Amino acid sequence: MAAIIKADGLTKKFGDFTAVDAISFEVMEGEIFGFLGANGAGKTTAMKMLCGLLLPTSGKAEVAGFDVFRQSEKIKLNIGYMSQRFSLFSDLTVWENIEFYAGIYKMQRKEIKTRGAQLIKELELGNQRNRLIGALPLGIRQKLAFSIAIIHEPRLVFLDEPTGGVDPITRRRFWEMIYSATEKGITVFVTTHYMDEAEYCDRVSMMVDGAIKGLDTPARLKEQFGEKTMFDVFLHLARKAGK
Amino acid sequence: MKHFGIFIWKEFLHIWRDKKTLLIIILLPIIEVLLFGFVLTSEINNVSLGIRDQDNSDWSGELIRKFANSPYFEVVRLHDAGEVQSVLQSNSVKAILEIKPDAERRILAGESGIIQLLLDASDPNMARTIEVYINNISGSYLNDTVNLINLQPLMYYNPNLKSVFKSVPGLMAVVLMLICAMMTSVSLAREKETGSMDVLLVSPLKTWQIVIGKMIPYIAISYVNIIMIIALSIFVFGVPVLGSMPLLFLFSGLYVICALSFGLFISTVVQTQQIAMMISLAGLMLPTTLLSGLIYPIRNMPRWLQMLSGIFPARWFVEVLSHLMLKDSPLKYYLEPLGYILLITLILLLAATKRFKLRYD
């Protein structure tokens, strides 16, 4: 398996403050990569550098084979992005949101029609097609946002706390959607605060104070730190940093 | 470019779905023009003018008839000196004309102080306007009858001194600034506030496409407003457009882009829609209204305020508009204000791109 993300000594400084401190890791094609860390540990900053939203201070990184310093426009065509903070435009209808995102990712009109219709069928939103997003429950909005984020079939999708504020059943269904996306060959890079979700990932990295303090499969991480659950692993690392 | 088109379409949808705001930005200019045109005027109509005629000749009788026949005045005859004071004080007249005895002969003899004008100057602008009207009527009469060498004022470009001639350009400057600057800054701040800006920046859309895409719908709305204001002022208030209409639309477009750049700049400094709105209202609208010359003449301001007014493009746009609408001046007479508008636009765009980069690179 080839690496779709390669980070080597990736660093971001804001003035004197080092938000991300020389992190190095690889994400393999087709895997679900969990990117964990407490608030303020530097997850979002690291993710923004990989998406091309922030320019790194130093280090090297490649996403989908393109350099984050020089080829961010090419990276953009190969990735999808979804964040918990924003899910779709609430004053646009379901179909208009689909059309918009598919459109800005340069999909052809015909393709948008067939792919959009298929998406609506899968989510069973047939009779909600022309409803405003604002009128839909959060759970449906999040699932729709995920489907739209991968409508252009990117090689890699970044999910920034995608299940925040969603009930457990919807979260479960959301993860089923993530699994079926990986079956289509899409690599998933996901940040989360839910430790049960960390168990669903193929590999997990733990970020503390801007550095990666653990990176492995959930099973081996638990073994390495002598803890029973991912939750305990997280506490183990985060507490150590607090001291 | 198709993906850019769909982005612009999305912006139109946002505006279209927000019916209340849309209604305000369409109706606001109409209401403002009607308000300034009908209510906040400084021209005069049916002003009561007291006349005390001590001459009682055919000559003075004809002069009084001139005033009585004019639509601007309603003549009140006064008889003694005591009355002269009391009617001014009681507000029953705004001005008094006193014709001294034996007026015609004494004027021919070259004496002065034969006709005296008393004005209620508690409203100085009003008093000045009345004075001009009275001088116009009496001056032309004196010229006709006694052939004196007399200063005959001719009011160029706005013979009836209608204030709507001045307020239309001013209003256009203010309304366009309000709509363009506030709406774009709020709309960009909303994308930031909800987080959708990140989603847009991660997409293949280029930064300039996001910025220009935000501007285009408001340019379209601005032109709707410009057409409405011009139509209203021509058909309701009889304000002429003597200069070239294409040039008027072209330079209005430049001003609109300048106002949009203000909005863009504001959006790069703020994080929320509310603050964007506050800054555009307090920091931009107030100075634009007060310093554009719409309400207070710029020439009467202290020097430092005059300099300050130069920062706000409205002042220059008002100048360009009055050249284009009222004077039909050749381009060279208003090249300078046009240059200032262009300069302000460039500086704002430069500053905005710089700040935009700081935030997202």
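**Note on the two-chain predicted model**

1. Among contacts in chain B between residues at least 6 apart in sequence, 76% join residues at least 24 apart; two residues are in contact if their C-beta atoms, placed from the backbone, lie within 7 Å. For chain A the corresponding share, again among contacts between residues at least 6 apart in sequence, is 67%.

2. Basis of the model. This is a predicted model, in which local features need pLDDT of at least 70 and side-chain atom pairs count only at pLDDT 80 or more, while totals for chains, interfaces and linings use all residues. Residues are numbered from 1 along each chain as its sequence is written, and chains are lettered from A and ligands numbered from 1 in the order in which they are written.

3. Chain B overall. Chain B has 14 helices and four strands; helices (H or I, at least four residues) and strands (E, at least two) are DSSP runs, numbered from the N terminus. The radius of gyration of chain B is 27 Å, well over the 21 Å that the globule rule gives for 361 residues, so chain B is more spread out than a compact globule. That radius is taken over C-alpha atoms, and the globule rule is 2.2 Å times the number of residues to the power 0.38. The C-alpha trace of chain B spans about 90 × 40 × 40 Å along its principal axes. Of its 361 residues, 35% count as buried. A residue is buried if 20 or more other C-beta atoms lie within 10 Å of its own, exposed if 12 or fewer, and partly exposed in between, with C-beta atoms placed from the backbone.

4. Chain A overall. Chain A has nine helices and ten strands. A compact globule of 243 residues would have a radius of gyration near 18 Å, and chain A agrees with its 18 Å. Its C-alpha trace spans about 55 × 40 × 35 Å along the principal axes, and 43% of the 243 residues count as buried.

5. The open sheet of chain A. Six strands of chain A form an open sheet of mixed pairing, in the order β6-β7-β8-β3-β9-β10. Strands β6 (79-83) and β10 (211-216) of chain A stand at the edges with a single partner strand each, so one side of each is left without a neighbour in the sheet. On average, neighbouring strands of this sheet are turned by 15° against each other, direction ignored. Two strands pair if DSSP finds at least two bridges between them. Strands β3 (residues 32-37) and β9 (residues 203-208) of chain A pair in the parallel sense over five bridges, and G37(A) stands opposite M207(A) in β9(A).

6. Helices on the sheet. Helix α1 (residues 43-51) of chain A lies across β3, β6, β7 (156-160), β8 (187-191) and β9 of chain A, and runs at about 150° to β7(A). Axes are lines fitted to C-alpha atoms, for helices over the stretch in contact, and angles run from 0 to 180 degrees between N-to-C directions. Nine of the nine residues of α1(A) are buried, among them K43(A) and K48(A). Just after α1(A), G52(A) takes a positive phi of about 90°. Helix α8 (residues 218-225) of chain A lies across β9 and β10 of chain A, at about 115° to β10(A).

7. The hairpin of chain A. Strands β1 (residues 3-14) and β2 (residues 17-28) of chain A run antiparallel and are joined by eight bridges. I5(A) has V27(A) as its bridge partner in β2(A). The hairpin has two residues between the strands, and G15(A) takes a positive phi near 65° there.

8. The interface. In all, 20 residues of chain A are in contact with 20 residues of chain B. On the side of chain A that touches chain B, α2 (72-78), β6 and α3 (94-104) of chain A each supply at least two residues; α3(A) gives the most, with five residues. The residues of this side divide into eleven nonpolar, three polar and six charged. Ala, Val, Leu, Ile, Met, Phe, Trp, Tyr, Cys and Pro count as nonpolar, Asp, Glu, Lys and Arg as charged, and the others, Gly among them, as polar.

9. Nonpolar cores. A nonpolar core is a set of buried Ala, Val, Leu, Ile, Met, Phe, Trp, Tyr and Cys residues joined through C-beta atoms within 7 Å. The largest has 139 residues, and V157(A), V188(A), L176(B) and M177(B) are among those with the most contacts inside it. Helix α7 (residues 164-194) of chain B supplies the largest share of this core, 19 residues. Apart from this core lies another of 13 residues, including I96(B) and Y133(B).
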